[in-house]
Amino acid sequence: MTTITMQDAAETTLEVGGMTCASCAGRVEKALRAVPGVQGATVNLATEKVLITGATLDPAQLIAAVERAGYSASAPAEAAPPPAPARGLSEPAEIAIAAALTMPLLAPMLLAAVGIDAMLPAWVQWLLATPVQFWIGARFYRSAWKALLARSGNMDLLVALGTTAAYGLSLYQWLGQPQQHGAHLYFEASAVVITLVRLGKWLETRAKRQTTEAIRALQSLRPETARVRRNGVESDIPISKLKVGDEVVIRPGERIPMDGDVIEGASHADESMLTGESLPVSKDVGARVIGGAVNGEGLLLARASAIGAETVLARIIRAVEDAQAAKAPIQRLVDKVSAVFVPAIVVIALATFFGWWLANGDWSAALLNAVAVLVIACPCALGLATPTAIMAGTGVAAGYGILIKDAEALELLHGVTVVAFDKTGTLTAGKPRLTAYVPAHGDQQALLALAAAVQQGSEHPLARAVGDAARAAGITPAPAAGTRALAGLGVAATVDGRALLLGNAALMRQHGVDIAALAAQGQAREASGETVSWLAEGPRLLGMLAFGDALKPHSRQAIERLHAAGIRTVMLSGDNPGSARHIADQLGIDEVHAQVLPEGKAAIIAALRAKGERVAMVGDGINDAPALAAADIGVAMGSGTDVAMHTAGVTLMRGDPRLLVDAIDISRRTYSKIRQNLFWAFVFNVIGVPLAAFGLLNPMIAGAAMAFSSVSVVSNALLLKRWVAGGTA
């Protein structure tokens, strides 16, 4: 799966097999970065994938580099041929056999605790332990050997060294004794450790699979076929054969196979899996439909506008995959620790062995304590602490229509102290209507006709409002020439040879237009929260247009929840001060900046950051691009357009401002899980290794603790799946 980014840098993803801990991940990254042309490599231990970026990437060369490091690599499953049928026993079956062979070895130790001596003959212990050691435990030897060939270490090397030492000690004591019931043997220690570690890895794998449920659920929304109407004939075709412009028949209850526009029929669509919107959305002629949504009760005919990888669903899947593949900045600490972890544990184990041997001369006890040190150490938990939490957090957020672009965005979002909002379309509905049009002289219809002529072709919300009013009045606008958008000010155009300006008061001042004749009416409109535009020909005022835009139903609740979370709010608007202040007062916003150009918004955000604030900017992802880029974290309101997804760290798939509060909440909870996981992963080693070194842990308890540490880290991350967005259902 290779793609080309906008910066002409290639990206490719490989699946890597054989990784068991954070040390393995670091070694794979190091091997890939040494390949000519590779600029970066990021391993996600939880998904067992690596994302590689570079100017030129040869998949064969990359796979070879991974294999030289001691691991297997291949293209992702969706791009690779179907795997060959599995041979041999399944992992659960092998674990069951290991447990069956180990229990008789463990039973005498358990019975001894209640005063019953039932020690098995040494040859029976050897017969039971050997298959566990060299058949069930073969994977540890293979992985350890590859690590040694690569001149490095991993968790499997620690397990192989530890269990081999216990097995070898038992073999030596048995063969060195003339009778079979002499010294205590430790076959049960090596067998129990291998069984527990295999069980722990299997449970860990099952738990990790749950963290990718969000991706699998989204992928399941893709239908396999589409019913197309061509030349009046309907036929079912594979989704891969669908073309832009095709007319697609969508029957009641079917999943919509593409993005498009309804050209016939009326129905409702369930878009909850894509946008988090719980209520069905009305669809009639002209409405947009999204691939993956479920059609309701009516028959629809829609024209395809985006297919395959260009649909909203495909972009959502890519966004979630990218977020889950990314490495959080906090992970850098783990990487530094992992780079020296295995060598350090081996050194500590050797020090433990020689320390005990020199202290009491009992080399068998010294060896067992060294084995416990090797077994208790668990770099697995360290490697899984961050990615499992990120995968669970971003996955559950996507289910509510919150797309978090990458791990860095997730980490930045949790510490936001100030949220800056654009007004139109973010806090207001973004669908203003023309409430009044007052001519300076002449009649109203002439004023509306000129305004509609200047605004025709524009997609600005105010332009659409003028167009709607003109159509309602039965006015057909005259053609305009030389139309120019004036950023943050308005628009200029020539209509029937007349040079016209339509925009705000700042545009009028810039061109010397006197608005005094209608200034009082304009101020009154602004004071009531309306937006006022002025139409002029040269320096002569032609009239005033007033627009009303309703607040979104939940904007006030969103602001209240932000305040409750200790976050200050700022509104940045290109609108007039009266209208902006009116909206801010209704919502309870802390700080207002009106009549601000796009560059001015970016400057205000930069000033806030200079004061030590961590700023999130919420806008539409297009007009507010400079401000989104200037903020610590950009949040795009909209329906997941390409521009929104590329300019913002977070995209809200619905226009509900409460989703922003939910995004901050899931970010905080995810980051909390990361810190909890790292704490427990470090605690297991900081406490466990010294206990083992001082002879307070036997190898079996150490093995159980090591398996438990990995499973507990993944299970703790999975608790995020129980998170429910507050108040957006």
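What covers the buried residues of α20? Some background comes before the answer.

This is a predicted model, in which local features need pLDDT of at least 70, side-chain atom pairs count only at pLDDT 80 or more, and totals for chains, interfaces and linings use all residues. Residues are numbered from 1 along each chain as its sequence is written, and side-chain values use heavy atoms, leaving out hydrogens and water.

The chain holds 25 helices and 27 strands. Both are DSSP runs, numbered from the N terminus: helices are H or I with at least four residues, strands are E with at least two. Of the 729 residues, 50% are buried (under 20% relative accessible area, 1.4 Å probe, protein chains only). Take the contacts (heavy atoms within 4.5 Å) between residues at least 6 apart in sequence. Of these, 69% join residues at least 24 apart.

Now to helix α20, residues 577–587. Its buried residues are Ser579, Ala580, Ile583, Ala584 and Leu587. They sit on the same side of α20 because they cover an arc of only 130° around the axis, taken from the directions from the helix axis to the C-beta atoms. Their cover includes α18 (516–527), β21 (531–537), α19 (555–564), β23 (568–572) and β24 (591–593). After α20 comes Gly588, with a positive phi near 80°.

Elsewhere, 3 strands make an open antiparallel sheet, in the order β11-β10-β13. β11 (281–283) and β13 (294–295) each have a single partner strand, so one side of each lacks a neighbour in the sheet. Strands pair if DSSP finds at least two bridges between them. β10 (residues 267–270) and β11 pair over 3 bridges, in the antiparallel sense. In one of the bridges, Ala269 is partnered by Val281 of β11.
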